[in-house]
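Please look at the sequence and the model below.

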Amino acid sequence: MKFMMFMIPKVYQPETPAEEQAGEGFAPPADAIEAMTKFNEKLARAGALISLEGLHPLTNGARVSFKGENPIVTDGPFIEAKEVIGGYWVIDVDSKEEAVKWARECPAAEGDVIEIRQIFAEEDFPEDARKAADNPTVKEAIERDKA
């Protein structure tokens, strides 16, 4: 079973005091990166890690909202955002309980949150939906990315 674990760091949240928020030019401190790298290595050695990435703060982002005929683009930060994703892992484990076990081992900072969501597998969809999603160009791009 594949799961995505979303890191929701305190430093990206609007309720965090301004002096503690991650803004333009933000990068986590070296000791936090070192601890997270050790956790990521543990995931990899266990054969659970598929991919991971960290994300820049809201100040560097954009949001595209679909209301009416014309999508609306808003540059970050987004004042109404309550939970902001700072990065993610995609893992392959046997159960939600195992994904939770991994999340509990993460060297997260005080106030951080990890949200765990199962990723749909092809077999989760009825046959007509599988046929509608069957696209050779998309499959080729995904396979190329895996290589």
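In what order do the four strands of the open sheet lie? In this predicted model, the order is E2-E5-E1-E6, and the pairing is antiparallel. Strand E2, residues 49-54, and strand E6, residues 113-118, form the edges, each pairing on one side only. On average, neighbouring strands of the sheet are turned by 15° against each other, with direction ignored.

One of the pairings can be followed by residue. E2 and strand E5 (residues 87-92) run antiparallel and are joined by five bridges. Leu 52 stands opposite Trp 89 in E5.

Helix H2, residues 96-105, lies across E1, E5 and E6, and runs at about 30° to E1.

The length of H1 can be checked against its residue count. With 16 residues at 1.5 Å a residue, H1 should span 22 Å, and this agrees with its end C-alpha atoms, which are 22 Å apart.

Which residues of H1 are buried? They are Met 36, Phe 39, Asn 40 and Leu 43, where buried means under 20% relative accessible area. These residues lie on the same side of H1 because they cover an arc of only 100° around the axis. An α-helix has 3.6 residues a turn, so residues three or four places apart point the same way. The buried residues of H1 pack against E1, E2 and E5, and also against H2. On the face of H1 turned away from its buried side are the exposed residues Ala 30, Asp 31, Lys 38 and Arg 45. After H1 comes Gly 47, which has a positive phi, near 80°.

H2 can be read in the same manner. Its buried residues are Ala 99, Trp 102 and Ala 103. They too cover an arc of only 100° around the axis, and therefore sit on the same side of H2. The cover over the buried residues of H2 includes E1, E5 and E6 as well as H1. Glu 97 and Arg 104 are exposed, and the face that carries them is turned away from the buried side of H2.

How values were computed:
Residues are numbered from 1 along each chain as its sequence is written. This is a predicted model: local features need pLDDT of at least 70, side-chain atom pairs count only at pLDDT 80 or more; totals for chains, interfaces and linings use all residues. Side-chain values use heavy atoms; hydrogens and water are left out. Two strands pair if DSSP finds at least two bridges between them. Helices (H or I, at least four residues) and strands (E, at least two) are DSSP runs, numbered from the N terminus. Axes are lines fitted to C-alpha atoms, for helices over the stretch in contact, and angles run from 0 to 180 degrees between N-to-C directions. Contact means heavy atoms within 4.5 Å. The expected span of a helix is 1.5 Å times one less than its number of residues. Buried means under 20% relative accessible area, exposed over 50%, partly exposed in between (1.4 Å probe, protein chains only). The arc is that of the directions from the helix axis to the C-beta atoms.
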